[in-house]
Amino acid sequence: MTPDVSSDRARRAELNSVCVVIPLFNEAEVIAAVVEDLRGSFGNIVCVDDGSSDGSAAIARSAGATVLQHPMNLGQGAALQTGFDYVVSQTDATHVVTFDADGQHRVNDASEMAELALRKRISVIYGSRFLDKRTKPGLKKRVVLQVAALMTRAFTGLRLTDAHNGLRVLSREALRKIRLEQNGMSHASEIVHQLAKSRLSWKEYPVEVLYTDYSKKKGQSLLNSINILIDLIVK
Amino acid sequence: MLSQWILVAAFVFVGFYLLKARRGSNQQAIRRIFIVIALIAGLLAVLFPDYTNVLAGLVGVGRGADLLLYAFVVFGLFYAVYQYRRQLWQEKVNTDLARALTLTQAQLDKVVEERESS
């Protein structure tokens, strides 16, 4: 049987109401491929360029993304919040997918999550790399992420298995409940905290994180989880 | 010892300030009162050094010099915490400003694009 083109198109039409938000900072090597891959499934790709100095913004733009540019580097959390503000104030998207610029997420996971959110009317879907065996994070990373997930569980009561995954689906309603004040890397916990308070429906979805040599360079260290903890207490 | 109670209270206050202080005119008034008290106390300590020994005796610290050292540490710490909070606030203002600029630019881009395509 030939691939079913018409259902592909229907799927694409469905996902037209979903906007992908990508915080972008110096990812010139990979951003074009990431944007092009996403354009196969999603109609609207927004890159928030956080003061890149390597021409990432222009590359993303010519790959077909809408590019918002911070005048200086503020941090990934700030870039996400700018993207959320843009979606709420200047588009009529019903959902946002947050996606990392370094190519560590799979587009298929993102579109499956978005479809699930649309079909089942779930407000928030968190991607988790620990729900199946596909992702091989290595021991150190596993420890850091498990500690983060335990901390999140202690603070919010949400039984998340992976609190620091950049791949999520957020409904427009959820976006209205989020106001990220942590500009740096603590926003992942902050999103979970704020959404936990909102009591919106949520789910975790198994995703694979691709640890390429490129994305490995940009991982978080164990000590940085101390920073995240302090950031969340001292506001 | 009285001095221990005072010092513990001072450190607790600084810790509380680190976690909870919000910007406002009350906060500013408290800070200003502190500064005025510190200035007057400093002046008196210079003019009447012997009285620092008397005061030290009253609160149970050995010498006036020790009392001054304690006061210096508490004020220094408070100052560091205050500056840290100020910096956080400043960062937030910067972020809001940069974000407003970014979103305005996006709106402009859209208008320009629509005009060019029509």
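Residues are numbered from 1 along each chain as its sequence is written, and chains are lettered from A in the order in which they are written. Because the model is predicted, local features need pLDDT of at least 70 and side-chain atom pairs count only at pLDDT 80 or more, while totals for chains, interfaces and linings use all residues.

Chain B contains four helices and zero strands, where helices (H or I, at least four residues) and strands (E, at least two) are DSSP runs, numbered from the N terminus. Read from the N terminus on, the order of elements in chain B is α-α-α-α. The C-alpha trace of chain B spans about 85 × 25 × 20 Å along its principal axes. The radius of gyration of chain B is 24 Å, whereas a compact globule of 118 residues would have a value near 13 Å; the radius is taken over C-alpha atoms, and the globule rule is 2.2 Å times the number of residues to the power 0.38. Of the 118 residues in chain B, 8% count as buried. A residue is buried if 20 or more other C-beta atoms, placed from the backbone, lie within 10 Å of its own, exposed if 12 or fewer do, and partly exposed in between. Two residues are in contact if their C-beta atoms, placed from the backbone, lie within 7 Å. Among contacts in chain B with a separation of 6 or more, 49% are between residues 24 or more positions apart.

The contact between the chains takes 16 residues from chain A and 13 residues from chain B. On the side of chain B, helix H1 (2-20) and helix H4 (64-117) are the elements that give two or more residues. H4(B) provides the largest share, eleven residues. This side of chain B has six nonpolar, four polar and three charged residues; Ala, Val, Leu, Ile, Met, Phe, Trp, Tyr, Cys and Pro count as nonpolar, Asp, Glu, Lys and Arg as charged, and the others, Gly among them, as polar.

In chain A, seven strands form an open sheet with mixed pairing, in the order S3-S2-S1-S4-S6-S5-S7. Two strands pair if DSSP finds at least two bridges between them. Strand S3 (66-69) and strand S7 (202-206) of chain A are the edge strands, each pairing on one side only.

Strand S6 (residues 168-171) of chain A pairs with strand S5 (residues 124-128) of chain A in the antiparallel sense over three bridges. Within this pairing, Val124(A) stands opposite Leu170(A), and Tyr126(A) has Arg168(A) as its bridge partner. S6(A) also runs antiparallel to strand S4 (residues 95-98) of chain A, to which four bridges join it; here Leu170(A) is the bridge partner of Val96(A). In a regular strand the side chains alternate between the two faces of the sheet. Arg168(A) and Leu170(A) point one way from S6(A), Val169(A) and Ser171(A) point the other way, and all are buried.

The largest nonpolar core has 64 residues, and those with the most contacts inside it are Val20(A), Val21(A) and Val46(A). A nonpolar core is a set of buried Ala, Val, Leu, Ile, Met, Phe, Trp, Tyr and Cys residues joined through C-beta atoms within 7 Å. Leaving aside neighbours within four places in sequence, the contacts of Val20(A) include Leu38(A), Phe42(A), Val46(A) and Phe99(A).

Ser53(A) lies in the loop between strand S2 (44-49) and helix H3 (56-62) of chain A. Ser53(A) counts as exposed because it has 9 C-beta neighbours inside 10 Å.
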